[in-house]
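This report concerns the model shown below. Please view the sequence and the structure together while reading.

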Amino acid sequence: MSLFDVIPYMPHVQAFLNAVAATLLFAGYRYIKSSNREAHKKCMVSALIVSTIFLASYLTYHEAVGYQPFEGQGWIRPIYFTLLFSHIILSGVAVPMIVVTVFYAAKGNFTKHPRVARWTLPVWLYISISGVIVYLLAFHVYPPEVFVWETLSSS
Ligand code: HEM
(Lines give C-alpha, C1' and ligand atoms only; values in the text may rest on other atoms or scores of the structure.)
Protein backbone atom coordinates (compact mmCIF):
# COMPACT_ATOMS: atom_id res chain seq x y z
CA MET A 1 0.00 0.00 0.00
CA SER A 2 1.39 3.43 -0.98
CA LEU A 3 0.60 6.96 0.21
CA PHE A 4 -1.59 7.40 -2.89
CA ASP A 5 -3.86 4.56 -1.74
CA VAL A 6 -4.66 6.38 1.52
CA ILE A 7 -4.76 9.98 0.22
CA PRO A 8 -8.46 9.86 -0.85
CA TYR A 9 -9.44 8.95 2.73
CA MET A 10 -7.26 11.55 4.43
CA PRO A 11 -9.59 14.61 4.28
CA HIS A 12 -12.38 12.54 5.91
CA VAL A 13 -10.06 11.20 8.61
CA GLN A 14 -8.69 14.71 9.23
CA ALA A 15 -12.20 16.16 9.66
CA PHE A 16 -13.01 13.35 12.07
CA LEU A 17 -9.82 14.10 14.08
CA ASN A 18 -10.76 17.80 14.24
CA ALA A 19 -14.24 16.91 15.49
CA VAL A 20 -12.77 14.56 18.14
CA ALA A 21 -10.29 17.27 19.25
CA ALA A 22 -13.12 19.84 19.59
CA THR A 23 -15.20 17.37 21.64
CA LEU A 24 -12.24 16.61 23.94
CA LEU A 25 -11.53 20.34 24.43
CA PHE A 26 -15.18 21.00 25.34
CA ALA A 27 -15.20 18.04 27.72
CA GLY A 28 -11.85 19.10 29.28
CA TYR A 29 -13.21 22.59 29.88
CA ARG A 30 -16.39 21.23 31.48
CA TYR A 31 -14.28 19.00 33.75
CA ILE A 32 -12.05 21.79 35.04
CA LYS A 33 -15.15 23.93 35.64
CA SER A 34 -16.45 21.15 37.89
CA SER A 35 -12.96 20.91 39.53
CA ASN A 36 -12.21 17.44 38.12
CA ARG A 37 -8.48 18.02 37.48
CA GLU A 38 -7.64 14.42 36.55
CA ALA A 39 -10.36 14.21 33.87
CA HIS A 40 -9.36 17.70 32.61
CA LYS A 41 -5.77 16.56 32.23
CA LYS A 42 -6.76 13.34 30.41
CA CYS A 43 -9.03 15.21 27.97
CA MET A 44 -6.45 17.91 27.22
CA VAL A 45 -3.56 15.47 26.73
CA SER A 46 -5.82 13.36 24.46
CA ALA A 47 -6.80 16.49 22.48
CA LEU A 48 -3.09 17.28 22.10
CA ILE A 49 -2.35 13.76 20.76
CA VAL A 50 -5.33 13.86 18.36
CA SER A 51 -4.38 17.34 17.07
CA THR A 52 -0.74 16.27 16.62
CA ILE A 53 -1.84 13.25 14.53
CA PHE A 54 -4.11 15.62 12.56
CA LEU A 55 -1.24 18.06 11.90
CA ALA A 56 1.12 15.28 10.72
CA SER A 57 -1.57 13.90 8.41
CA TYR A 58 -2.52 17.40 7.14
CA LEU A 59 1.08 18.33 6.29
CA THR A 60 1.70 14.96 4.58
CA TYR A 61 -1.52 15.34 2.57
CA HIS A 62 -0.78 18.89 1.37
CA GLU A 63 2.82 18.05 0.59
CA ALA A 64 1.62 15.20 -1.67
CA VAL A 65 -1.57 16.71 -3.14
CA GLY A 66 -1.04 20.47 -3.14
CA TYR A 67 -4.18 22.57 -3.41
CA GLN A 68 -7.65 21.23 -4.20
CA PRO A 69 -9.55 24.09 -5.94
CA PHE A 70 -12.75 25.16 -4.18
CA GLU A 71 -15.83 24.66 -6.43
CA GLY A 72 -18.24 27.02 -4.67
CA GLN A 73 -19.12 30.21 -6.60
CA GLY A 74 -20.51 33.61 -5.61
CA TRP A 75 -21.23 34.67 -2.03
CA ILE A 76 -19.83 31.48 -0.48
CA ARG A 77 -16.29 32.15 -1.74
CA PRO A 78 -15.39 35.06 0.61
CA ILE A 79 -16.91 33.11 3.51
CA TYR A 80 -15.00 29.94 2.62
CA PHE A 81 -11.64 31.69 2.13
CA THR A 82 -12.03 33.80 5.30
CA LEU A 83 -12.65 30.58 7.22
CA LEU A 84 -9.77 28.78 5.49
CA PHE A 85 -7.19 31.56 5.94
CA SER A 86 -8.18 32.27 9.55
CA HIS A 87 -7.95 28.51 10.20
CA ILE A 88 -4.44 28.31 8.70
CA ILE A 89 -3.08 31.49 10.34
CA LEU A 90 -4.46 30.61 13.77
CA SER A 91 -3.02 27.08 13.45
CA GLY A 92 0.45 28.63 13.31
CA VAL A 93 -0.34 30.94 16.23
CA ALA A 94 -1.83 28.09 18.30
CA VAL A 95 1.25 25.86 18.31
CA PRO A 96 3.40 28.06 20.62
CA MET A 97 0.31 28.90 22.72
CA ILE A 98 -0.40 25.19 23.27
CA VAL A 99 3.28 24.52 24.10
CA VAL A 100 3.29 27.29 26.74
CA THR A 101 -0.08 26.16 28.19
CA VAL A 102 1.09 22.55 28.54
CA PHE A 103 4.49 23.69 29.84
CA TYR A 104 2.90 25.56 32.76
CA ALA A 105 0.57 22.63 33.48
CA ALA A 106 3.49 20.16 33.43
CA LYS A 107 5.47 22.44 35.78
CA GLY A 108 2.48 22.54 38.13
CA ASN A 109 2.20 26.31 37.73
CA PHE A 110 -1.56 26.61 38.11
CA THR A 111 -1.42 30.41 38.46
CA LYS A 112 0.01 30.97 34.98
CA HIS A 113 -1.54 27.90 33.29
CA PRO A 114 -5.18 29.09 33.41
CA ARG A 115 -4.17 32.64 32.43
CA VAL A 116 -2.61 31.44 29.16
CA ALA A 117 -5.08 28.58 28.71
CA ARG A 118 -8.05 30.99 28.64
CA TRP A 119 -6.62 32.33 25.34
CA THR A 120 -5.35 28.99 24.03
CA LEU A 121 -8.63 27.13 24.46
CA PRO A 122 -10.88 29.37 22.27
CA VAL A 123 -8.18 29.61 19.56
CA TRP A 124 -7.75 25.82 19.52
CA LEU A 125 -11.52 25.27 19.48
CA TYR A 126 -11.91 27.73 16.59
CA ILE A 127 -9.26 25.85 14.59
CA SER A 128 -10.88 22.44 15.18
CA ILE A 129 -14.42 23.62 14.40
CA SER A 130 -13.47 25.76 11.38
CA GLY A 131 -11.51 22.75 10.06
CA VAL A 132 -14.67 20.65 10.08
CA ILE A 133 -16.70 23.44 8.40
CA VAL A 134 -14.05 23.95 5.68
CA TYR A 135 -14.06 20.18 5.05
CA LEU A 136 -17.89 20.03 4.80
CA LEU A 137 -17.94 22.97 2.37
CA ALA A 138 -15.06 21.74 0.20
CA PHE A 139 -15.97 18.04 0.01
CA HIS A 140 -19.72 17.74 0.59
CA VAL A 141 -21.61 21.00 0.00
CA TYR A 142 -19.47 21.90 -3.05
CA PRO A 143 -17.78 18.59 -3.94
CA PRO A 144 -14.82 18.79 -6.37
CA GLU A 145 -15.55 17.85 -9.99
CA VAL A 146 -12.07 16.36 -10.18
CA PHE A 147 -10.09 15.28 -7.15
CA VAL A 148 -6.50 16.53 -7.37
CA TRP A 149 -5.07 13.15 -6.34
CA GLU A 150 -6.76 11.48 -9.38
CA THR A 151 -4.80 13.74 -11.74
CA LEU A 152 -1.59 13.11 -9.74
CA SER A 153 -1.79 9.31 -9.79
CA SER A 154 -2.60 9.20 -13.52
CA SER A 155 0.20 11.60 -14.54
C1 HEM B 1 -3.15 22.56 26.20
C2 HEM B 1 -3.97 21.89 26.95
C3 HEM B 1 -4.80 22.55 28.02
C4 HEM B 1 -5.74 23.53 27.90
C5 HEM B 1 -6.19 24.23 26.62
C6 HEM B 1 -6.23 23.81 29.24
C7 HEM B 1 -7.21 24.74 29.54
C8 HEM B 1 -7.49 25.18 30.78
C9 HEM B 1 -8.35 26.30 31.09
C10 HEM B 1 -9.11 27.15 30.06
C11 HEM B 1 -8.35 26.47 32.43
C12 HEM B 1 -9.09 27.57 33.21
C13 HEM B 1 -10.51 27.19 33.45
C14 HEM B 1 -11.26 28.37 34.07
O15 HEM B 1 -11.71 29.26 33.33
O16 HEM B 1 -11.40 28.39 35.28
C17 HEM B 1 -7.50 25.43 32.99
C18 HEM B 1 -7.27 25.23 34.32
C19 HEM B 1 -6.56 24.18 34.84
N20 HEM B 1 -5.85 23.23 34.13
FE21 HEM B 1 -5.73 23.09 32.15
N22 HEM B 1 -5.59 22.98 30.12
C23 HEM B 1 -4.70 22.20 29.42
C24 HEM B 1 -3.87 21.22 29.92
C25 HEM B 1 -3.77 20.89 31.25
C26 HEM B 1 -2.98 19.80 31.78
C27 HEM B 1 -2.09 18.87 30.95
C28 HEM B 1 -3.19 19.80 33.12
C29 HEM B 1 -2.63 18.88 34.15
C30 HEM B 1 -1.38 18.73 34.41
C31 HEM B 1 -4.07 20.90 33.44
C32 HEM B 1 -4.51 21.26 34.70
C33 HEM B 1 -5.29 22.35 35.03
C34 HEM B 1 -5.65 22.75 36.36
C35 HEM B 1 -5.25 22.03 37.64
C36 HEM B 1 -6.44 23.89 36.24
C37 HEM B 1 -7.09 24.68 37.37
C38 HEM B 1 -6.17 25.74 37.86
C39 HEM B 1 -6.88 26.49 38.97
O40 HEM B 1 -6.76 26.06 40.10
O41 HEM B 1 -7.57 27.48 38.64
N42 HEM B 1 -4.42 21.52 32.29
N43 HEM B 1 -6.99 24.67 31.97
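S35 counts as exposed because 8 C-beta neighbours lie inside 10 Å, and a residue with 12 or fewer falls in that class. In this predicted model, S35 sits in the loop that separates α2 (10-33) from α3 (37-65). The phi angle of S35 is near 65°, a positive value in a residue that is not glycine.

The chain as a whole contains six helices and zero strands, so its order of elements, read from the N terminus, is written by the DSSP runs as α-α-α-α-α-α. The C-alpha trace spans about 55 × 40 × 25 Å along its principal axes. Of the 155 residues in the chain, 18% are buried. Among contacts between residues at least 6 apart in sequence, 74% join residues at least 24 apart.

The table lists its length values.

| Property of α5 (residues 112-141) | Value |
|---|---|
| Number of residues | 30 residues |
| Span from first to last C-alpha | 42 Å |

At R118, α5 bends by about 35°, and the proline P122 follows within four residues.

Which residues of α5 are buried? They are A117, T120, L121, W124, I127, S128, S130, G131, V134 and A138. The cover over these buried residues includes α2 and α4 (76-106).

Notes: Residues numbered from 1 in each chain as written. Predicted model: local features only at pLDDT ≥ 70, side-chain atom pairs only at ≥ 80, totals over all residues. Helix = DSSP H or I, 4+ residues; strand = E, 2+ residues; numbered from the N terminus. Buried ≥ 20, exposed ≤ 12 C-beta atoms within 10 Å, placed from the backbone. Contact = placed C-beta atoms within 7 Å. Expected span 1.5 Å × (residues − 1). Bend = angle between axes of the 7 residues up to and from the residue.
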